[in-house]
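Trainee: I'm new to this one. Could you show it to me and walk me through how its parts pack?

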Amino acid sequence: MGPREFCIDEYTDYLVYSGLAERERDPKLKGILERLAQMEKKHYEFWLRYCPECEGRYRRSSLLLSKLMRRLLGLTFTLKFLERHEEEVIAGYREYLEKVNSNDVEKLREIIRDEEEHEKALMSEVHERIVDYLGSITLGLSDALIELVGVLAGTVAVFKSSFIAGITGLIVGVSASISMAAAAYLQAKNEHKTSPRLSAIFTGISYVLTVILLILPFFLLNIPLQSLTFSILIAVAIVISTSYYTAVIFDRKFVTTFLETAALTLGIGFGVYAFGEAIRLITGINVAV
Ligand SMILES: [Fe+2]
Ligand SMILES: [Fe+2]
């Protein structure tokens with residue numbers, strides 16, 4: 001990496017932050033984004049002296065991606081995502097410290113400080129209320145995944161019927177979502193951090209949505225094992241996306257979060273399937289719908 005990439009990078013960041021600021025309705029967040037944009041503009045002007053032909057050049061794809069991300073995944077996620085990329089930039093600047101003109105060394109040090117401390121400090125002031133409820137959402141989601149994969153695998157093993165498994169999943173899913181919502185309500189009431197009613201709503205809704213996604217294959221496909229395979233694939237896709245989302249937001253390692261949840265979900269699926277087969281053999285149940 002050299003001044004050319006640095007310059008294009010800083011101008012792109014400037015456009016990203018000003019774009020986010022322009023669309024932001026919350027005045028406090030808008031102020032933070034505007035300050036970030038001004039900081040990046042200053043950095044861009046620094047590198048422009050080393051690469052005058054880079055004037056006004058930016059990465060269109062990054063700009064589009066950040067806009068899309070803001071819409072779909074929220075401001076906190078977008079900023080955390082951008083912050084991850086900054087680490088590379090800072091490493092590049094450190095290497096370049098020896099190569100800039102001697103009277104620019106202090107200025108570049110100041111830029112590195114901006115990236116490392118000032119931007120992080122500003123970003124940490126961004127607080128979206130939805131992030132407080134991420135715990136409730138993931139609670140509903142992960143519980144639904146584990147419970148439903150177990151129920152579906154077990155019923156398929158016993159009854160060998162997509163329809164029976166789908167209906168059982170629906171009934172268990174609806175009743176379990178109510179019990180989980182009640183649990184989330186009580187937990188929030190004890191912890192005093194979030195509104196109990198909203199926590200219950202977020203947990204309940206994320207639970208029901210997961211249930212719908214997981215039982216869908218059972219109503220669309222007629223071969224029980226095929227439905228179960230699709231349902232497990234959907235479960236894995238949900239685990240991948242939510243693990244990535246929470247890993248970015250809470251600065252956790254994606255792979256660990258993903259492997260833990262995936263192993264738990266799949267382990268329970270296979271375990272309960274074997275349990276269901278055992279029940280079928282012992283009871284001699286033979287139903288075909
Ligand atoms: Fe910068
Ligand atoms: Fe930056």
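Mentor: Helices (H or I, at least four residues) are DSSP runs, numbered from the N terminus. This is a predicted model, where local features need pLDDT of at least 70 and side-chain atom pairs count only at pLDDT 80 or more, while totals for chains, interfaces and linings use all residues. Residues are numbered from 1 along each chain as its sequence is written, and chains are lettered from A and ligands numbered from 1 in the order in which they are written.

Trainee: At what angle do helix α1 and helix α3 pack?

Mentor: Take α1 as residues 3–23 and α3 as residues 60–73, with their axes 9 Å apart. The angle between them is about 30°.

Trainee: Is α1 roughly parallel or roughly antiparallel to α3?

Mentor: Angles under 35 degrees count as roughly parallel and over 145 as roughly antiparallel. With an angle of about 30°, α1 is therefore roughly parallel to α3.

Trainee: Which residues of α3 does α1 meet?

Mentor: Contact here asks for C-beta atoms, placed from the backbone, within 7 Å. From α1 come Thr12, Leu15, Val16, Gly19 and Leu20. Their partners in α3 are Ser62, Leu63, Ser66, Lys67 and Arg70.

Trainee: How do α9 and α10 run relative to each other?

Mentor: The axes of α9 (residues 196–220) and α10 (residues 224–249) come within 7 Å and cross at roughly 155°. That angle makes α9, relative to α10, roughly antiparallel.

Trainee: Which residues of α9 make the contact with α10?

Mentor: On the α10 side you'll find Ser227, Phe230, Ser231, Ile234, Ala235 and Ile238. On the α9 side they are Thr210, Leu213, Leu214, Pro217 and Phe218.

Trainee: What covers the buried residues of α8?

Mentor: A residue is buried if 20 or more other C-beta atoms lie within 10 Å of its own, exposed if 12 or fewer, and partly exposed in between. In α8 the buried ones include Gly169, Gly173, Met180 and Ala184. Their cover includes α7 (134–159), α9 and α10.

Trainee: Why does glutamine 226 count as partly exposed?

Mentor: Glutamine 226 lies in α10. It counts as partly exposed because its C-beta neighbours inside 10 Å number 14.

Trainee: How far apart in space are glutamine 226 and aspartate 132?

Mentor: In sequence, glutamine 226 and aspartate 132 are 94 residues apart. In space, C-alpha to C-alpha, the distance is 38 Å.

How values were computed:
Axes fitted to C-alpha atoms, helices over the stretch in contact; angles between N-to-C directions. Helix = DSSP H or I, 4+ residues; strand = E, 2+ residues; numbered from the N terminus. Parallel < 35°, antiparallel > 145°, perpendicular 65-115°, else oblique. Contact = placed C-beta atoms within 7 Å.
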